[in-house]
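Biologist: Hi! Could you walk me through this structure in simple steps?
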Amino acid sequence: MTATGTGGRLRHGPGVARFAADVGPEGPVAVAGARTRWHSGGEPVREPRLVTAPVGIVEYKPDEMTIRIAVGTTVAELDAALAEHGQRSALPDRGGTVGGAVVVGENDRDVLSRGAVRNAVLQVSYVSSEGKVVSGGGPTVKNVSGFDIPRLTVGSLGTLGCLAEVILRTNPIPAVSRWFETRADPFALFDALLAPAALLWDGVTTWIHLEGHGPDVEAELVRASALGATAEVESPPQMPGPHRWSLPPAQLRGVGDLIDGRWLASIGVGTVLATAPQPGRELSASVTAVHDRMKQYFDPTGRLNPGRDPGRR
Amino acid sequence: MDLNLNGDELNTCVQCGLCLAHCPTYRVSGDESMSPRGRIHLMREVQLNNAPVTHEVLRSFETCVQCRGCEPACPSAVPYGHLMETTRETLADAGLMTPWWQRLAMRPLAHTKLLGAGSVMVALAQRGRLVPKRLGLSVDVPFTQEPLRASGTDVIMFTGCVMDAWQRDVHQAGQRVLEAAGFGVTPSGDLAPCCGALHAHAGLADDTRTYATNMMRTLSRGAIADASIIVDSAGCSAQMKDYGHLLGTEAARRFSSRVFDISEFLALHLDRLPEGSQLAGTVAIQDPCHLRHVQRVHEATRTVLGRYIPNLVELDDDGLCCGAGGAYSVMEAQLSGQIRDRKVAVISAKDPDLVASANPGCSMHLGAVGVPTIHPMELVDRALHG
Amino acid sequence: MSMLEKARRRLGDRGARAEPATDDDRLLSELRLALAPDRVRFDGAERSLHAKDASVFRGGVAGPSCFPVNTEEVQAIMRIAAAHGRGVVPRGAGTGLAGGAIPLGAPIVVALTKMNRILSVDTDSRVAWVEPGVINLDLTRHLTPMGFHFAPDPSSQQVCTIGGNLANNAGGPHCLAYGVTNAHIMAMEVVLADGDVAMLGGLDPEPAGLDLRGVFVGSEGTLGIATKIAVRITKNRPAVRTLLLSFDSVSDAANTVSGIIAAGIVPAALEVMDHRITVAVENYVGAGYPRDAAAVLLAEVDGLDDGVGIDADRIAEIGRQHGATDVRTANDDNERALLWKGRKTAFGAIAQIAPDYYLHDTVVPRSELANVLEKVYAIADNYDLKVMNVFHAGDGNLHPLLLFDSREPGVLERVHAAGKEIVEASLDAGGVLSGEHGIGVEKQAYMDRLFSDDDLDHQDRLRRAFDPGCRANPGKVIPMGHSCADIQALRRVPTGVWG
């Protein structure tokens with residue numbers, strides 16, 4: 001099957017049509033996937049009808065480094081298919097479906113090397129509140145044709161449309177991936193290293209994830225070791241949970257004073273995994289006004305994933 | 001209104017806008033009407049679409065410093081300088097630009113004795129603190145000066161008008177350097193009183209043509225008939241190299257080919273320059289626009305100074321104009337000052353001991369706000385003669 | 001009063017009489033009160049200048065031009081515009097190639113060039129706050145001593161503004177590895193069409209709420225005006241290697257590019273130029289580009305020493321496998337800078353060959369590059385037009401330039417017909433309309449070839465969520481027949497406007 005029909009418009013597979021019929025034009029619906037992030041942005045309300053997104057890899061073009069995939073597919077299946085061609089994606093590999101990862105907009109631990117989810121979604125197809133299939137973006141790695149519907153989808157929690165299919169950009173799996181442990185100052189490490197895949201800090205120990213060509217990793221290790229003794233470890237540390245904080249990277253210096261309990265901060269990124277939840281982040285009145293209008297225009301009756309609020313993600 | 005612009009020249013601009021960042025007036029104003037692309041657009045509107053020559057259109061043309069920094073930035077090689085000079089000439093002829101008092105003020109430039117008398121008066125006024133600050137006269141205009149004497153006929157040293165009256169020590173330094181390199185020098189003095197650059201910028205090209213014709217005659221006779229003409233003011237050398245285009249004759253083109261900026265000339269004869277001593281201190285090079293953008297021989301300054309100064313530093317602004325622009329600093333004092341503020345900030349970032357500039361206008365303009373300027377020849381002279 | 005002044009006074013009167021009165025007069029006096037008299041212009045010269053950008057599109061009509069210096073003034077302009085029901089068009093350096101800054105229906109033009117301060121640089125958070133009028137290359141120059149740069153590097157980077165980059169989601173050669181502008185904008189303060197100020201995005205990695213920042217970037221001024229922008233700054237790479245590969249055919253160069261991508265290498269840049277443009281560029285810069293090659297590939301890798309060496313060797317090898325006749329490595333920074341200067345001034349150098357050009361910006365899958373390029377040459381031949389190709393090959397982003405002399409009768413029709421076929425060939429190959437120049441007014445007519453009515457309707461909803469009155473850059477992006485395109489674009493055009 002080809003990704004495009006005459007003139008570039010997207011033609012959808014049967015799974016998408018079935019999903020559109022399931023969502024239909026009326027009544028509250030909620031999309032259920034693997035429920036890995038079920039609590040993100042609030043619980044479902046109004047007893048919605050549960051629907052499930054289509055599954056399956058529609059088209060994978062390894063030479064193009066793009067994959068078109070139905071979003072009910074699990075991230076594990078995606079990873080397995082990509083790994084066969086030495087590739088991976090920006091989606092976090094902690095389980096769940098592709099759709100869940102995209103609409104929550106959660107980045108991988110190695111976001112510095114894999115890229116952010118918001119930059120990886122090239123094209124989306126979703127079922128609108130009227131029950132129609134709508135697409136945005138395009139299949140190529142670079143595209144400024146029209147408004148950025150894909151980025152509107154990332155982090156929307158399915159409140160503007162029920163995501164059916166996406167085209168994701170992929171990237172090559174580096175030749176070498178090694179983890180190290182050190183007591184060196186994580187901020188000095190971030191300054192000294194050119195491109196770490198991750199720098200995780202729990203207030204005492206820092207775990208360094210280095211990726212790339214073997215000799216480059218060795219060179220980076222030399223830089224890291226200049227700041228303090230390093231020891232290679234088998235795997236990354238245990239991730240505390242279940243909560244996920246999002247802070248400006250500069251605030252991480254004082255993160256110990258901000259968070260009670262155990263935490264693990266991603267230096268240079270600003271994500272902190274913690275046992276305690278992040279206090280609610282208030283949206284300003286002007287941003288809320290745009291949000292409200294967006295919801296009103298895309299889903300006037302509020303039937304799509306009721307109860308979810310992207311502002312409380 | 002017909003601006004007398006060549007249709008093909010006017011057509012070469014594809015409006016890409018790459019010139020904007022290289023235009024000093026656009027840089028300080030952010031205004032398209034003060035950019036090369038904007039000015040060319042208005043020229044087209046006036047000449048091709050009969051748009052009225054309004055006050056705003058005139059201001060757009062008048063505010064151009066004519067630094068021609070846009071020309072090297074232009075991948076389409078639009079001859080902007082010629083377009084602007086022709087535009088000004090047409091508008092001045094039509095009585096829309098360059099008022100009578102401005103024309104009158106330029107007359108003495110061609111009369112060395114008149115200029116000398118005027119300079120004595122300026123010198124007196126300076127001592128009496130009667131010269132307005134905004135004129136930006138940073139030099140102390142001298143009462144009397146030691147005359148320049150001929151030492152041979154290998155090269156002609158063009159002495160010009162204002163520079164000879166006010167900065168003759170630069171000529172003397174240049175002459176000593178040329179002589180150290182083994183060239184016998186004939187100062188042009190009364191033979192060639194003025195190159196006409198300021199007139200050309202103001203749209204008074206007929207005056208320039210007269211000076212050009214006279215100079216070509218007086219400097220093409222006798223023992224110096226074929227001698228290279230060495231110029232130590234970049235504005236003058238640029239103008240004299242343009243006589244070929246201005247007059248359009250074979251004789252004028254031949255004359256222009258004899259003209260060299262002094263650093264350009266010395267760089268061609270580097271092997272003849274004595275060893276000299278190495279000068280301490282950091283020297284920043286401020287390229288005069290007419291050396292860098294018009295003649296494009298600014299590398300020569302580095303070649304020559306590099307022999308004697310280990311710590312030469314470059315300014316990080318792609319040779320953007322300093323705002324002097326001949327009479328521009330007086331006529332457009334506010335804009336000129338804003339452009340200079342930018343330049344001073346760029347210079348300060350490098351914190352040099354001295355700033356080498358091969359144009360008297362730039363030196364005076366920068367000197368007026370305390371920038372320690374010096375002509376490159378004065379530095380070479382210092383290295384050679386202590 | 002001197003004669004000159006009298007003459008000019010008369011001219012001024014004539015200019016003034018040409019301007020329409022009434023509503024415009026009230027609008028002007030309110031704007032002048034809110035800003036300053038000399039920063040609100042309505043003379044014929046200014047309006048004529050602001051009716052254009054770097055595109056070939058003509059027919060724009062500018063209303064008053066405003067030069068605000070801070071957010072409050074932009075806010076005041078938006079409120080006054082709202083009260084008068086006027087559109088507002090933001091403008092940077094005017095280097096756009098799709099007509100995004102062309103005013104339609106005499107809107108207020110907001111020139112942001114006077115808001116050009118770099119406000120702060122924070123290397124801890126890798127962020128710089130800038131005003132929209134800061135020039136792209138000025139920012140990188142400012143960051144150089146700190147060891148950082150701003151990654152998006154459009155060919156016009158020496159003059160284009162960060163605000164313009166944001167509005168167009170600008171690309172550039174080095175976006176292959178680093179991503180286009182959207183990946184480098186972290187947050188921004190924007191003034192919405194109703195005059196409200198909103199902070200979109202954040203310095204944290206996953207800000208709460210919808211990704212309104214992501215949506216705003218690339219919206220071509222149709223969602224509001226950004227007044228402060230937090231850009232991501234990127235650490236300079238210690239090692240860079242630039243290769244110049246020559247080929248006997250454009251297809252060989254294109255196939256090398258897809259071979260490199262398929263091998264899992266992500267170079268910093270992969271640029272291709274065909275024979276004609278290479279010669280024109282070489283005439284201007286003298287960088288040592290081969291004058292006899294059918295195509296050249298400029299490939300750059302950066303990172304750490306060893307990895308750069310490994311990748312450069314593999315690129316050279318893949319090139320040779322695909323028929324590269326010569327592989328050269330730039331010896332020093334100077335040589336590299338010259339090669340890049342040639343690539344980045346390519347469009348301007350075209351005036352050597354023809355006085356006019358029409359440029360497309362389609363993107364195709366990289367594996368389709370050779371195929372689509374062949375079609376592009378055939379289409380141009382068919383219409384008896386010269387075509388040159390210079391493009392961001394690594395992204396599949398084509399820039400076919402159709403050369404012509406507009407003084408030749410009937411040539412424009414041929415250029416447009418050929419352009420349409422090129423766009424269709426790109427779309428048929430699974431491509432899109434624009435990779436980095438935007439839709440503006442230029443490609444609106446093609447939007448329904450890529451999107452269905454429902455798709456466009458949803459884009460229109462997105463736009464109206466920001467600007468229900470459709471007053472921000474009216475008449476752009478979304479084609480006629482969809483609500484926002486219709487409201488403002490057909491406004492009456494004031495009389496007495498020249499240009």
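Biologist: Great. What kind of model is this?

Modeller: This is a predicted model.

Biologist: Okay, which chains share the most contacts?

Modeller: Two pairs of chains are in contact, and chains A and C share the most contacts of the two.

Biologist: And how far apart are the nearest C-alpha atoms of chain A and chain B?

Modeller: They are 21 Å apart, and chain A and chain B do not touch.

Biologist: While we're on chain B, what is its secondary structure?

Modeller: Chain B has 22 helices and eight strands. Chain B holds 386 residues, and 60% of them are buried. Look too at the contacts in chain B between residues at least 6 apart in sequence: 73% of these join residues at least 24 apart.

Biologist: Nice. Changing topic: which residues touch the most other members of the largest nonpolar core?

Modeller: Those are A:Met294, C:Leu462 and C:Phe466, in a core of 84 residues.

Biologist: What is C:Leu462 in contact with, beyond its neighbours within four places in sequence?

Modeller: From chain A, C:Leu462 contacts A:Phe147, A:Asp148, A:Ile149, A:Leu152, A:Met294 and A:Phe298. From chain C, C:Leu462 contacts C:Val215 and C:Leu223. There is also a second, separate core of 47 residues, and C:Leu176, C:Leu245, C:Val372 and C:Ile379 are among its members.

Biologist: Now helices! How do H9 and H14 of chain C cross?

Modeller: Helix H9 of chain C covers residues 250-262 and helix H14 of chain C covers residues 369-382; their axes come within 8 Å and cross at roughly 150°. Because of that angle, H9(C) is roughly antiparallel to H14(C). The crossing of these two helices, H9(C) and H14(C), is right-handed.

Biologist: Which residues meet there?

Modeller: On the H9(C) side you'll find C:Val250, C:Ser251, C:Ala254, C:Asn255 and C:Val257. They meet C:Leu369, C:Ala370, C:Leu373, C:Glu374 and C:Tyr377 in H14(C). By type, the residues of this contact between H9(C) and H14(C) are seven nonpolar, two polar and one charged.

Biologist: Last one: is A:Thr153 buried or exposed?

Modeller: A:Thr153 is buried, because its relative accessible area is 9%, and the cut-off for buried is under 20%.

Biologist: Where is A:Thr153, and what does A:Thr153 touch?

Modeller: A:Thr153 is in helix H5 of chain A, residues 149-153. Not counting residues up to four places away in sequence, A:Thr153 touches A:Val102, A:Val103, A:Val124 and A:Leu163.

Notes. Residues are numbered from 1 along each chain as its sequence is written. Chains are lettered from A and ligands numbered from 1 in the order in which they are written. This is a predicted model: local features need pLDDT of at least 70, side-chain atom pairs count only at pLDDT 80 or more; totals for chains, interfaces and linings use all residues. Side-chain values use heavy atoms; hydrogens and water are left out. A nonpolar core is a set of buried Ala, Val, Leu, Ile, Met, Phe, Trp, Tyr and Cys residues joined through side-chain atoms within 4.5 Å. Buried means under 20% relative accessible area, exposed over 50%, partly exposed in between (1.4 Å probe, protein chains only). Contact means heavy atoms within 4.5 Å. Axes are lines fitted to C-alpha atoms, for helices over the stretch in contact, and angles run from 0 to 180 degrees between N-to-C directions. Helices (H or I, at least four residues) and strands (E, at least two) are DSSP runs, numbered from the N terminus. Angles under 35 degrees count as roughly parallel, over 145 as roughly antiparallel, 65 to 115 as roughly perpendicular and the rest as oblique. A crossing is left-handed if the near helix is turned anticlockwise from the far one by less than a right angle, and right-handed if clockwise. Ala, Val, Leu, Ile, Met, Phe, Trp, Tyr, Cys and Pro count as nonpolar, Asp, Glu, Lys and Arg as charged, and the others, Gly among them, as polar.
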